[in-house]
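Let's take a walk through this one together. Have the sequence and the model open, and we'll go stop by stop.

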Amino acid sequence: MLAREDEAIFRRSWQYVGVLGEQNVVPGWAGRAPVVVVRAEDGRERAFINVCRHRGSVVVEEAGSRKSLQCPYHAWTYDLEGTLRAAPRSDREDVDLSDVALEPVRLEGWGPFRFVNLDGGAPSLEAVLGDVPERVAEVMDVDDLAFHHRSDWEVEANWKIACENFLECYHCPVAHPGFSGVVDVSPDNYALETGEWHWSQFGQLRSRGDAELPVGQFHFIWPNTGINIFPGQKNLSIGPMLPLSPDRTRRILDYFFAPDASEEWIAELTEFDDEVGREDRRLVELVQRGAGSGAIAEGRLLPESERLVAGFQARVREALASFAGSDAVTTP
Ligand code: FES
Ligand SMILES: [Fe+2]
């Protein structure tokens, strides 16, 4: 099933990779496919499959500031346009490598955020983001944000369980006492919105006071990108839920704050978010153990509080169905 999802979902959708700042080479993933986003000296940005055309090693392991991309295996070296520039011993042997280049992939951006898509025929990033950039722009200019840090962790659960957990706050009063003490998670005051390719939640502070951001925004972009704006001061975190195996998911979140944000507020927000993350980890791992056992055939959803989950599940089913019948995937 994961191999089918990789073909039907991850290779056909926009995948958040990161931001190009001081670092002009940033690796990431489009599902299981390694990708890399680069900015050349002339400012042009490109994205490639991050797999060496020699014998297939991943080329770039870490983000950094580089003038070329050198494979760690036999030192084949590509320029920032993806063209092979050097291969040790290739001048001594009867081989023509002039046509070798990293495979380009689609690259699009929203503000500083860079996304790739392995499907040339997929709708534009702009179309998939829908009104999310507009809603975010109501409270902050994403181009004014400064990248602060990346958090990167794993949960023992299928990626869809992690996504579904992001898509409802029905569990908040039960499982997130800290969050629910600050944000009004009652059904009358917590708004859910559905777009064509995204699902959004809006939660307001219980006591607004003079908060710069009285309303939090939690957006989910098909198929696996979460965006969090907690109420309080300017902050945004964004990142994917990446399947590592059927029951393991990698969570990456890049955190951004106003350039003049105090380290004290950043520490406070980060601790608050980590607490919510620990609580969610336990929940999704419990679902993996329960639902993943196969002991029950299916669950139930509340029609209002869990309608974003239903929307996500419908998209997953649709993507897999549109792919069924294709012989492009063989069972691994
Ligand atoms: S696999 Fe990259 S140089 Fe050999
Ligand atoms: Fe949660």
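At the start of α4, which residue's side-chain oxygen reaches the backbone nitrogen of K160? That would be N158, with a side-chain oxygen within 2.9 Å of that nitrogen. For polar contacts in general, the cut-off is a pair of N or O atoms within 3.5 Å; within protein, one must be able to donate a hydrogen and the other to accept it, and residues adjacent in sequence count only if both atoms are side-chain atoms.

Before going on, a word on ground rules. This is a predicted model, where local features need pLDDT of at least 70 and side-chain atom pairs count only at pLDDT 80 or more, while totals for chains, interfaces and linings use all residues. Residues are numbered from 1 along each chain as its sequence is written, chains are lettered from A and ligands numbered from 1 in the order in which they are written, and side-chain values use heavy atoms, with hydrogens and water left out.

Back to α4, which spans residues 159–166 and has 7 of its 8 residues buried. Helices (H or I, at least four residues) and strands (E, at least two) are DSSP runs, numbered from the N terminus. Buried means under 20% relative accessible area, exposed means over 50%, and partly exposed is in between (1.4 Å probe, protein chains only). Among the buried residues of α4 are W159, I161 and F166.

C163 also sits in that buried set, at 0% relative accessibility. C172 has a partner anyway: a disulfide joins C169 to C172, S to S 1.9 Å. The criterion is a pair of cysteine sulfur atoms within 2.5 Å, and a search of the whole structure finds 1 such link. The link of C169 and C172 is left-handed, with -105 degrees about the S-S bond, and both cysteines are buried.

Now for the metal. The iron ion (ligand 2) is coordinated by NE2 of H171, NE2 of H176 and two OD contacts from D280, at 1.9 to 2.6 Å. Donors are N, O and S atoms within 2.8 Å of the metal (3.2 Å for Na, K and Ca); water is not among the atoms, so sites may look incomplete. Along the chain, the donors follow the spacing H-x4-H-x103-D. H171 is buried at 12% relative accessible area, and H176 is buried at 2%.

On to the strands. β12 (residues 198–204) has 6 of its 7 residues buried. β11 (residues 190–194) runs antiparallel to β12 with 5 bridges, and a hairpin of 3 residues joins the two. β12 also runs antiparallel to β13, through 7 bridges. Strands pair if DSSP finds at least two bridges between them.

W222 and P223 are joined by a cis peptide bond, with omega about 0 degrees, and P223 lies in the loop between β13 and β14. A75 is not a glycine, yet has a positive phi of about 65 degrees; A75 is partly exposed at 25% relative accessibility.
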